[in-house]
Amino acid sequence: MEPGNLFLLSGIGLFIAGTVLFSIAPGRWLNMLYGLFAAGSVLAGLYSLGLIMPSAQPSPVYVFPVSGFLELAFQGNPLSGYFSLLLSVLGAAVSVYSIGYMKGAEGPRFQGIFYGLFLLSLYAVFFSSNIVAFLVAWEAMSLLSFFLVVSDTRDEEAQAAGITYATMTHIGTAFIIAAFMAGYALTGSLDFQGIRAGLAARPEWVRSLLFVLSFIGFGMKAGIVPLHIWLPRAHPAAPSNVSALMSGVMIKAGLYGMIMMGIGVLGGNVAWWGILALVAGGVSSVMGILYALMARDIKRLLAYSSVENIGIMLLGFGASIMFYSFHLPALAGIALAACLCHAMNHAVFKGMLFMGAGSVMHAVHSKNMEEMGGLLKKMPWTGLFFLVGAVSICALPPFNGFVSEWLTFQSLVLGSQTPAAYSKVISLLGGAALALTGAFAAAAFIKAFGISFLGMPRHERAEHAKEAGFPMTAAMGALALLCLLLGVYPGLLLGLISRIPLGGLSAVSPLSFSLAPVSIAGGFSGFWPAAILSAMLLGFLIVFVLIKTAGASKKTVYADSWDCGIRALTPRMQYTATAFTKPVRVIFKSIYLPRREIRISYRQKPFFAREITYRSDITPFIESYIYRPLLSAVHWTAHKIRHLQSGSLHLYLGYIMITLITLLLIWG
Amino acid sequence: MLKRWIEIFSIIDFIAVGMLLSVIAMNSLKRIESCLKAYIINSSLLALLMVATAIYLSIPHLYLAAFFTIAGKCILIPYFLRKVIRQLKVTHDVEPYISSSLSLAASFAIVTIVYSVLSEGIFVAGLTRTVLKISVSIILISLFVMMTRKKAVTQVMGLLFMENGLFLAGFSLTFGMPTIIELGVLFDMLMGVLILGVFLSQIKKAFVSVDLDKLTSLKG
């Protein structure tokens with residue numbers, strides 16, 4: 001047997017063994033079983049690496065007949081290999097993290113079984129090569145993640161979030177099924193390759209219809225605005241290890257679907273598809289980060305930031321399709337590489353950030369950032385890794401977020417090379433949106449890190465916080481190292497990406513990557529990550545030496561910072577998360593629609609107040625103005641239709657009678 | 001000898017028309033016991049039709065089916081239903097929503113529609129040119145009966161008539177199904193009536209009457 005297949009089969013074997021053991025192993029050892037999933041992920045990751053590497057023969061097809069002509073077919077290709085590599089990296093880290101995180105968790109057996117099956121179903125999504133297998137795997141993924149979302153607490157909000165998630169994801173799946181069925185009806189093939197071949201000769205509007213359907217369907221899972229409303233509810237409600245996987249990998253399954261369908265199957269050569277994706281990406285990234293900035297719940301902040309990042313990936317995806325339709329394959333390759341690269345980077349740092357949030361929640365027993373504070377001293381390692389993640393997500397060198405956002409930005413700026421005026425304007429606007437997003441992301445994560453880790457403890461639980469256990473910090477540490485590695489040596493990842501052929505679009509030849517400068521042929525600029533790192537280290541060293549030498553004679557004074565002469569600072573005097581974001585709320589009040597309510601009850605008017613209550617909140621724009629009206633319309637219609645259901649048996653029999661006679665009259 | 005007579009005098013059509021007439025009669029009868037009698041007549045005619053077919057087409061196993069039809073539909077089911085009616089102390093009136101003359105008019109309309117619509121295609125195939133049309137009419141008239149009667153007992157009767165119509169339809173297309181299937185259908189019917197009897201007494205217990213009007217209160 002080929003070594004690659006051996007990796008795959010033994011990896012799957014480990015997953016199955018893990019899920020089986022979860023149902024029979026003694027309770028005390030349950031959390032150790034996550035180690036099996038970690039090992040399985042590593043093996044599957046090796047197989048995925050093999051898929052990306054060029055080889056003479058195509059990878060084997062695994063076919064499982066179901067009934068009649070329906071069969072499940074699985075076959076790896078370089079694109080699916082890349083996404084399953086992404087899954088393996090994060091899956092292995094999260095599984096190690098779960099060893100510590102799930103110690104003493106409630107309902108560990110079910111969580112473990114669902115967790116293992118969820119990972120397997122994600123692999124199945126990436127590897128499936130026909131419609132049937134894809135839909136089965138996709139549905140399994142959605143349902144298992146739904147179970148995981150509602151598994152953590154008995155709290156009603158989590159249940160409601162689960163219901164929202166299940167509803168939205170099924171609407172999305174309906175769109176995907178519609179697209180696939182249309183593809184099958186037009187070509188008579190269940191296989192993605194067959195559909196691709198059959199659709200090539202079809203007119204453009206047919207393919208456009210399929211693209212729009214699958215864009216909506218996959219966009220629902222990816223969480224693009226305005227289809228995102230389930231994401232900031234469901235992701236925070238899940239246990240943190242699952243949130244990491246959902247935000248890190250599952251939303252990329254939506255992205256994978258878009259790339260696979262949009263470029264792989266439909267050819268990706270119609271300009272307005274790209275524009276659609278660009279607009280959706282721009283709106284998602286700006287709206288996502290604006291709401292992230294306002295979130296008080298740390299996991300909700302991270303979830304909104306996932307919406308933002310998926311928007312950034314869509315910018316790359318859209319730009320790629322747009323360039324390709326203008327016959328600029330080199331630029332298209334760069335844009336797609338930026339998109340894929342950001343997918344991997346986002347998985348790494350967002351997974352790490354969610355794990356960090358999970359550790360913090362374990363220590364503080366709250367998701368609310370206003371009840372944290374001063375955690376850096378209690379949890380130094382978690383704090384450090386969270387900081388690395390925050391710096392990466394803000395796209396600052398020398399970490400990995402910088403590389404992919406830089407590439408995305410470059411490809412959008414290169415949009416000025418397209419012939420049409422509208423595409424120039426749109427891509428530059430996309431670049432502007434990306435720049436705006438970057439600034440807000442920095443603000444949001446300064447808030448996330450500053451409010452929860454710096455300052456004084458805002459709650460007594462934060463005072464008694466303890467550092468997370470070894471497996472948890474180790475998993476985060478590994479991902480933090482990966483952030484640094486991919487940031488300093490982007491050639492590692494971009495080299496892999498450049499091997500991914502996609503239909504007519506072969507990726508990124510004009511990029512050169514190594515420790516040497518990254519530059520784009522025909523572009524305006526390049527950058528040299530290793531040099532940036534060296535410069536930063538050098539600067540740090542100079543400051544350090546200056547302090548040690550020039551400042552050596554000065555006496556060090558220890559005092560409270562920023563106490564303005566007040567001798568006793570209390571936690572209540574600190575900047576709060578809400579106060580920190582006030583300027584943004586003021587500037588963007590047309591989007592946030594902030595509401596403020598002050599209620600004063602007097603003992604004696606007007607000077608002696610008994611009680612003052614102050615509430616401030618923002619209006620969720622999309623929910624209030626799109627979903628609420630939609631929902632009430634549906635309710636109204638349902639209420640009207642309900643009159644048909646009178647409860648009278650005779651009337652029901654009458655319906656049957658009328659139907660029968662009508663049918664007789666029509667077809668008799 | 002008999003075969004020729006059956007062919008010359010269109011015996012099978014006559015029997016089928018007799019079944020149709022008994023259903024129409026049931027549609028306008030006012031007493032539950034009379035309805036039950038109409039059902040016995042209807043079922044006996046069905047059995048007779050089987051015997052005639054058995055002679056005409058020389059299919060001996062149809063005699064067996066006819067025997068079981070008589071045993072089940074003319075004796076057992078009516079006996080059980082009568083017992084249920086007595087036990088539940090149902091009043092004798094059928095209590096329809098519409099007058100019996102209007103019901104007759106509706107039966108006429110249904111038969112007219114069926115005869116005018118089903119005059120070609122597969123509907124003239126089968127045993128003779130009329131049996132299938134008659135069976136569809138029987139089914140629709142029984143449905144109409146179920147629709148316009150208040151009491152649950154009459155609903156059951158409508159269901160029984162409908163089943164006879166369905167049986168006739170299947171019979172006319174297949175010239176006698178395998179015995180085992182016919183027996184199975186009969187047995188199902190018997191069980192169905194038993195279960196419906198139990199349901200009736202439960203409805204009576206829960207709602208004090210067997211008027212199906214009261215079921216509206218179940219709606220949430």
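What radius of gyration would a compact globule with the 668 residues of chain A have, and what does chain A have? Hello everyone, let's start there. The globule would come out near 26 Å and chain A has 27 Å, which agrees. The radius here is taken over C-alpha atoms, and the globule rule is 2.2 Å times the number of residues to the power 0.38.

Before going further, a word on what you are looking at. This is a predicted model, where local features need pLDDT of at least 70 and side-chain atom pairs count only at pLDDT 80 or more, while totals for chains, interfaces and linings use all residues. Residues are numbered from 1 along each chain as its sequence is written, chains are lettered from A and ligands numbered from 1 in the order in which they are written, and side-chain values use heavy atoms, with hydrogens and water left out.

Let's stay with chain A. Along the principal axes, its C-alpha atoms fill a box of roughly 100 × 70 × 65 Å. Chain A has 26 helices and nine strands; these are DSSP runs numbered from the N terminus, with helices being H or I of at least four residues and strands E of at least two. Of its 668 residues, 53% count as buried. Buried means under 20% relative accessible area, exposed means over 50%, and partly exposed is in between, using a 1.4 Å probe and protein chains only.

Now for contacts, meaning heavy atoms within 4.5 Å. In chain A, among contacts with a separation of 6 or more, 78% come from residues 24 or more positions apart. Chain A exposes about 29,200 Å², with carbon and sulfur atoms supplying 69% of that. Areas come from the Shrake-Rupley method with a 1.4 Å probe, and for residues only the protein chains shown count as cover.

Let me zoom in on one helix, α25(A), which runs over residues 621-641. Its 21 residues should span 30 Å at 1.5 Å a residue, and the end C-alpha atoms are 30 Å apart, so the two agree. That expected span is 1.5 Å times one less than the number of residues. Where is the kink in α25(A)? It lies at Tyr627(A), shortly before the proline Pro629(A), and comes to about 35°. The bend at a residue is the angle between axes fitted to the seven residues ending there and the seven starting there.

Tyr627(A) is also buried, as are Ile622(A) and Glu623(A) in α25(A). The cover over the buried residues of α25(A) includes α6 (156-187), α9 (231-237) and α11 (271-294) of chain A. As for α11(A), 20 of its 24 residues are buried. The 24 residues of α11(A) should span 34 Å at 1.5 Å a residue, and its end C-alpha atoms are 35 Å apart, which agrees.

Next, some loops in chain A. The peptide bond from Val225(A) to Pro226(A) is cis, with omega near 5°, and Pro226(A) is in the loop between α8 (204-222) and α9. The bond from Pro397(A) to Pro398(A) is cis too, with omega near 10°; Pro398(A) is in the loop between α15 (380-393) and α16 (400-413).

His327(A) has a positive phi of about 60° although it is not a glycine, and it is found in the loop between α12 (298-325) and α13 (329-364). Is His327(A) buried or exposed? At 70% relative accessibility, His327(A) counts as exposed. His365(A), also not a glycine, has a positive phi of about 60°. His365(A) is in the loop between α13 and α14 (375-378), and at 60% relative accessibility it counts as exposed.

Now over to chain B. Chain B has eight helices and zero strands. For its 220 residues, a compact globule would have a radius of gyration near 17 Å, and chain B has 18 Å, which agrees. Its C-alpha atoms fill a box of roughly 55 × 35 × 30 Å along the principal axes, and buried residues make up 48% of the chain.
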